[in-house]
Amino acid sequence: MSSFVTEVLAHSGRLEKEDLGTRIGRLTRRVEEIKGEVCSMINKKYNEFLPSMQSAQDLVTQVDELCDDIDLLKSRVESEVQQDLHVSIAEFTQLKQQLERDTVILSMLKQLQEFSTAIEEYNCALSEKKYVAAAQQLKKAQNCLKLLKSRKGFELQIFKSLSVELTIQKQNILYHLGEEWQKLAVWKLPPSKDISSLESTLQTELHLCTKPSQKEDETPGPPLSSVLLAFALIGELHTKLKSFSQLLLKYIIRPLVSYPSLHALIDTHPDMVVFRFESVATDLEHSSPPEVFTKIRLVLEVLQKHLLDLHLGDDLEDEKVSKIVLAEIVGDMIWEDMSECLIKDCLVYSIPTNSSKLEQYEEVIQSTEEFENALKDMRFLKGDTTDLLKYARNINSHFANKKCQDVIVAARNLMTSEIHNTVKISPESKVALPNLPAPDEGNRLKIQKVSKSLPNEMMNLDPENKLGEHSFSLPTCRISESVEKLMELAYQTLLEATASSDQCAVQLFYSVRNIFHLFHDVVPTYHKENLQKLPQLAAIHHNNCMYIAHHLLTLGHQFKLRLAPVLCDGTTTFVDLVPGFRRLGTECFLAQMRAQKGELLERLSSARNFSNMDDEDNYSAASRAVRQVLHQLKRLGVVWQDVLPVNIYCKAMGTLLNTAIAEIIGRITALEDISTQDGDRLYSLCKTIVEEGPQVFTPLPEENENKKFQEEVPVYVPKWMPFKELMLLLQASLQEIGDRWADGKGPLATAFSSGEVKALIRALFQNTERRATALSKIK
């Protein structure tokens, strides 16, 4: 310390200066001396003047010279005095600045002395575990160093050394306080690798020491309040409480919210409070909000009593520290995360799934209010209504959001389920749909007015103008069980909308529309491979789309007068979705038809163009191709049986059979030479098709009910009659051919053109006059 003083004095400059009053006195004496010299000079001149005065002119001259001497002497005196005065002022200013600097140095020396004293007292208090006193002295030393550094123009090396020393001492007390804190708040946590299970949570414990240790062989530890106050004085209380709060949230509060079977056990001892868990068996997947709030309140109330309600030095001069409320600090640190946890892991699951249960949710809102009020009473929570209570009160919006989400999830699950699980529908069958509530009185009057405004002739239709009972019914077919459930879900959701608030009703209505948009996007993509490979699934998907389109025609109209007024302006409709669903089903089935046509033509391509049937290999290939075609058609008839509506079934099978027959007709009519044996064998192949072809028409499981469809083959197969004519032509004579042509009016003329008939005659018969005559008749 002495070396530092010596250094300061060395910078102070010369310490002894002449006194200003002494200097002024010396100058005054000098002036008097000059004045005396002037008087002496005047007397001398005067004595010389008297005896030697000769005339007045000499006297005037001498007087003038005397005045000049006096002026010169006066100027000299003034200049010398002015110069001395400036020198004195400069010296005075310098002395004043030196005095101020010396005053600052003395103040710094005093602050250095206070710093040294504070550090000494800090070390003494720290060794005696008087952490509050030690923290106060450390803070005093910190303030002294802050003042020293604030002095401008004094950037000494010693300040850096003092800063390092202060940092070391702060870390020292933090280490000791941390050791004491670990003894006062002891956490027993599960292994870090296993913290997400109920079993590991049961291993968690918190031991909170409320009184110092009283063991004889140990120095009594400081009380909990002293440790926290010391942390506050050195500005580290928030850091320490943040770590504690995060552990509290992670290992106690979150598990209580997440596990319904988990309950907090609190053991209170004279000097300690122990928090642990127990598990009580329950079938609940999620705890109810009132139960969760009760669990958390129990934990926070015990913490409030033994930790968060401690008074940290009401008699301290530092008002900022004395006004600290521990509960507010902890609340500010974890409330946002805790409320988010309560919302996501508790309140979300308490939202009703049915609008009829919304009134019961008032109990949850009330328990949420009571929970927040209890936290405010404990000063754990401050301010107005929080996000937690706002969430609970906004139940209508959350109900609508959850209901819509659940509806979409359920719909998607149905869409991704197996298509081949089917149910049979018919005009007589009724799908299990909800009973719709009657319109309100206003709507009932509106309906009556509309009815009265209709003309009488429209109200009383003649019997012959009445439609059949099933005119607008969907024909008998099979649809996926999942699609039936999907439509039930749509009806149930719209029914829910009729009993909900306007906002909720709008959301639910558009959720139903989203179901059908989702179907349009998900099903063709998710089941793409099966729809392409499996004819039966393509047929079922076709029926599913037609079934949905059928209901969409009237779905909006059924609920138009029962939904919220905002939806009764013409937007309550699903008719705009009908063309899309019809197109979706039709395109899928037509793609399957094209694939089947391709397979039929590919099989017929192996028939070697039906030429040279007298060759056994060629005949065998042609016969095999025909058998394969018939087998494929029969297999399709079986997989589509009782699935497609009868009219669609017959049209589809007729189209495929017609494709095969048209290909065979084209191949045979293109032959240039057909021998007798070729004709016989071609006739045999055609006869096989004619006999077995109708057997592919089996739309119904009951065999006897399929006969009428098999008899109507020409209705569904346009080339059936031309094919039979071709078969007859292969065995007919020239005369019989002419008779069937009948001058272009017979059945042969209806089936073939004149060129095709002539080509067949040339291929079947040799070039003779009879053939020429027959050809001449074909015009």
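Q: What percentage of the 779 residues in the chain is buried?
A: The model is a predicted one. A residue counts as buried when its relative accessible area is under 20%. Among the 779 residues of the chain, the buried share is 41%.

Q: How many helices and how many strands does the secondary structure of the chain contain?
A: The secondary structure is made up of helices and strands, numbered from the N terminus. The totals for the chain are 31 helices and 6 strands.

Q: What share of the contacts with a separation of 6 or more comes from residues 24 or more positions apart?
A: Contact here means heavy atoms within 4.5 Å. Of the contacts in the chain with a separation of 6 or more, those between residues 24 or more positions apart make up 76%.

Q: Which residue in β2 is the bridge partner of K188?
A: Strand β1 runs antiparallel to strand β2 (residues 205-209), and 4 bridges join them. The partner of K188 in β2 is E205.

Q: Is H306 buried or exposed?
A: H306 lies in helix α9. Apart from neighbours within four places in sequence, H306 is in contact with L208, T210, L224 and V273. The relative accessibility of H306 is 17%, and the cut-off is under 20%. H306 is therefore buried.

Q: With which residues is Q304 in contact, leaving aside its neighbours within four places in sequence?
A: Q304 belongs to helix α9 (residues 289-308). Q304 has a relative accessible area of 14% and is therefore buried. Its contacts, with those neighbours left aside, are D309, A327 and M378.

Q: What distance separates the C-alpha atoms of S288 and Y349?
A: S288 sits in the loop between β4 and α9, and at 33% relative accessibility S288 counts as partly exposed. Along the chain, S288 and Y349 are 61 residues apart. Their C-alpha atoms are separated by 8.3 Å.

Q: Are α14 and α17 roughly parallel or roughly antiparallel to each other?
A: The axes of helix α14 (residues 395-415) and helix α17 (residues 481-498) come within 9 Å and cross at roughly 170 degrees. Angles over 145 degrees count as roughly antiparallel. The two helices, α14 and α17, are therefore roughly antiparallel.

Q: How do the residues of the contact of α14 with α17 divide by class?
A: On the α14 side, the contact includes F399, K403 and V407. On the α17 side, S482, K485 and E496 are among the residues that take part. The division is 8 nonpolar, 2 polar and 3 charged.

Q: How are α18 and α20 oriented, roughly parallel or roughly antiparallel?
A: Helix α18 (residues 502-526) packs with helix α20 (residues 535-559) at an angle of about 165 degrees, and their axes are 12 Å apart. Because angles over 145 degrees count as roughly antiparallel, α18 is placed relative to α20 as roughly antiparallel.

Q: How many nonpolar, polar and charged residues does the contact of α18 with α20 have?
A: The crossing of α18 and α20 is left-handed. F516, F519 and V523 of α18 meet H541, C545, I548, L552 and L555 of α20. By class, this contact has 7 nonpolar, 1 polar and no charged residues.

Q: What is the phi of N612?
A: N612 is placed in the loop between α21 (578-604) and α22 (616-640). With 45% relative accessibility, N612 counts as partly exposed. Although N612 is not a glycine, its phi is positive, at about 50 degrees.

Terms used: Residues are numbered from 1 along each chain as its sequence is written. This is a predicted model: local features need pLDDT of at least 70, side-chain atom pairs count only at pLDDT 80 or more; totals for chains, interfaces and linings use all residues. Side-chain values use heavy atoms; hydrogens and water are left out. Axes are lines fitted to C-alpha atoms, for helices over the stretch in contact, and angles run from 0 to 180 degrees between N-to-C directions. Angles under 35 degrees count as roughly parallel, over 145 as roughly antiparallel, 65 to 115 as roughly perpendicular and the rest as oblique. A crossing is left-handed if the near helix is turned anticlockwise from the far one by less than a right angle, and right-handed if clockwise. Ala, Val, Leu, Ile, Met, Phe, Trp, Tyr, Cys and Pro count as nonpolar, Asp, Glu, Lys and Arg as charged, and the others, Gly among them, as polar. Two strands pair if DSSP finds at least two bridges between them. Buried means under 20% relative accessible area, exposed over 50%, partly exposed in between (1.4 Å probe, protein chains only).
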